[in-house]
Amino acid sequence: MLFDKFNTSMLKMLEPYRKWIIENPQLLSELENTVQCLPYFTAGQFSNSIFVSELLYSLSNLVVLFNDFLMCSGKCVHFKFPQFESKIKIWLTVVEYTEALFEISAKKLWGHSGKWFIITVIQIFKTVLRLLLVHLYKERVTKCPPIQPINREKLNDSNNEKLKEGFTLKRSGTVVRSIRGVNSLFMRTFEPLPSNMSNNDNLNRSSASEKNLMLAETLYIMKPLFHLGCISFTGQKHWPPWLLSIVVDIFSLKMINKEARSMSFSKEEEKEFFRRRLALILYILKSPFYDKYSRIRIYAILTALSTKVPLARFLTEPIKKYLPHWQNTYFYMWSS
């Protein structure tokens, strides 16, 4: 009860800001994009730049998430999952945006042992919450991050069109055409307006296919713990953890591709599968493959571009300078 009152009072205080971001989505997006670019310009520029860069990255993404919730609280609202599930997705999203900052901070404060302790705690936390989403709430595919940033322009346009053409029923979420929004007889269309209901509700569901998809997703979710367990036996820059991770990734994607012949997936799920396929390319930037094979070739390509292509050095030189930092900070097996 007290928490609800606190939420209500906070929303009242933020009401002017909420109205401004709803009325100016384009300007808000430009400001957010500018702030999100700052971490790339601060990396390597001064002492403690790595910490500052990660802090800016985390804060900028958390601000975007906060703005999205404010916009949704007033305009639409497609966050229609149960309360505890929504909390799980919020926590997972926050952790996705801040895990690198926690790792760097732990290493700075407590050394390598503190860093690995934080990594283990974060990955166990993420794995448990993702397994809850898959097995308890029957989410077919866990996205990264679970709550995707909203396209403000599309949100604004779609809501304006719906207000002109119809209104949404509170209980069912069905959009009903309004008489005031009806065109002339010759211009009139009789197709139903798009509903706010999730696309997953109408997708094909086969029990055997669902079980196989759940198994593939469970393997993908457990991959960070498999990788960390293997590291504890062999060490970080050895082949067994790298090979185990890529085998789990490929096997999971192969199972998903097999079930895709008999199942339908939403656009969001297809986008997540594409991201996972693209992430396989990043294995060339992960140790030990990077240390033994790809590092020399990447630097050779960057050097050739800087000498042969006019003005290319303004792009390639910063990449050569920051690549060791990016490789050590972002290209962990458990973060992809």
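Q: How far apart are N and O in the salt bridge between the side chains of Lys-320 and Glu-317?
A: In this predicted model, the side chains of Lys-320 and Glu-317 form a salt bridge with an N to O distance of 3.8 Å.

Q: Where do Lys-320 and Glu-317 sit, and what separates them?
A: Both belong to helix H10, which covers residues 313-329. Because they are three residues apart in that helix, about one helical turn separates Lys-320 from Glu-317.

Q: Is Lys-320 buried or exposed?
A: Lys-320 counts as buried, because its relative accessibility is 19% and the cut-off for buried is under 20%.

Q: And what about Glu-317?
A: Glu-317 counts as partly exposed, with a relative accessibility of 38%.

Q: How many salt bridges does the structure hold?
A: The structure holds 13 salt bridges.

Q: Which parts of the chain does the pair Glu-210 and Arg-140 link?
A: Glu-210 lies in helix H6 (residues 207-234), whereas Arg-140 lies in the loop between helix H4 (83-135) and helix H5 (152-165). The two are 70 residues apart, and the pair links distant parts of the chain. In this salt bridge, the closest N and O atoms of Glu-210 and Arg-140 are 3.5 Å apart.

Q: Are those two residues, Glu-210 and Arg-140, buried or exposed?
A: Glu-210 and Arg-140 are both buried.

Q: What is the N to O distance for Glu-272 and Arg-275?
A: Their side chains meet in a salt bridge at 2.9 Å, N to O. Glu-272 and Arg-275 are both in helix H8 (residues 267-279), and their spacing of three residues is about one turn of the helix.

Q: Turning to the surface, which residues form the nonpolar patch?
A: The patch is formed by Tyr-17, Trp-20, Leu-27, Leu-31 and Phe-66, which together have about 440 Å² of accessible area. Helix H1 (2-23) and helix H2 (25-42) are the elements that give two or more residues to this patch.

Q: Where is Phe-66 placed?
A: Phe-66 is in helix H3 (residues 49-75). Its relative accessibility is 40%, so Phe-66 counts as partly exposed.

Q: Among contacts between residues at least 6 apart in sequence, what share joins residues at least 24 apart?
A: In the protein chain, 72% of those contacts join residues at least 24 apart.

Q: How many disulfides does the count come to?
A: The count comes to zero disulfides.

Q: Are Cys-144 and Cys-230 buried or partly exposed?
A: Cys-144 is partly exposed, given its relative accessibility of 23%. Cys-230 is buried, with a relative accessible area of 16%.

Conventions
Residues are numbered from 1 along each chain as its sequence is written. This is a predicted model: local features need pLDDT of at least 70, side-chain atom pairs count only at pLDDT 80 or more; totals for chains, interfaces and linings use all residues. Side-chain values use heavy atoms; hydrogens and water are left out. A disulfide is a pair of cysteine sulfur atoms within 2.5 Å. Buried means under 20% relative accessible area, exposed over 50%, partly exposed in between (1.4 Å probe, protein chains only). Contact means heavy atoms within 4.5 Å. Patches are made of residues with over 30% relative accessible area and no salt bridge: like charges are joined within 9 Å, nonpolar side chains (Val, Leu, Ile, Met, Phe, Trp, Tyr) within 5 Å. Accessible areas come from the Shrake-Rupley method with a 1.4 Å probe; for residues, only the protein chains shown count as cover. A salt bridge is a side-chain nitrogen of Lys or Arg within 4 Å of a carboxyl oxygen of Asp or Glu. Helices (H or I, at least four residues) and strands (E, at least two) are DSSP runs, numbered from the N terminus.
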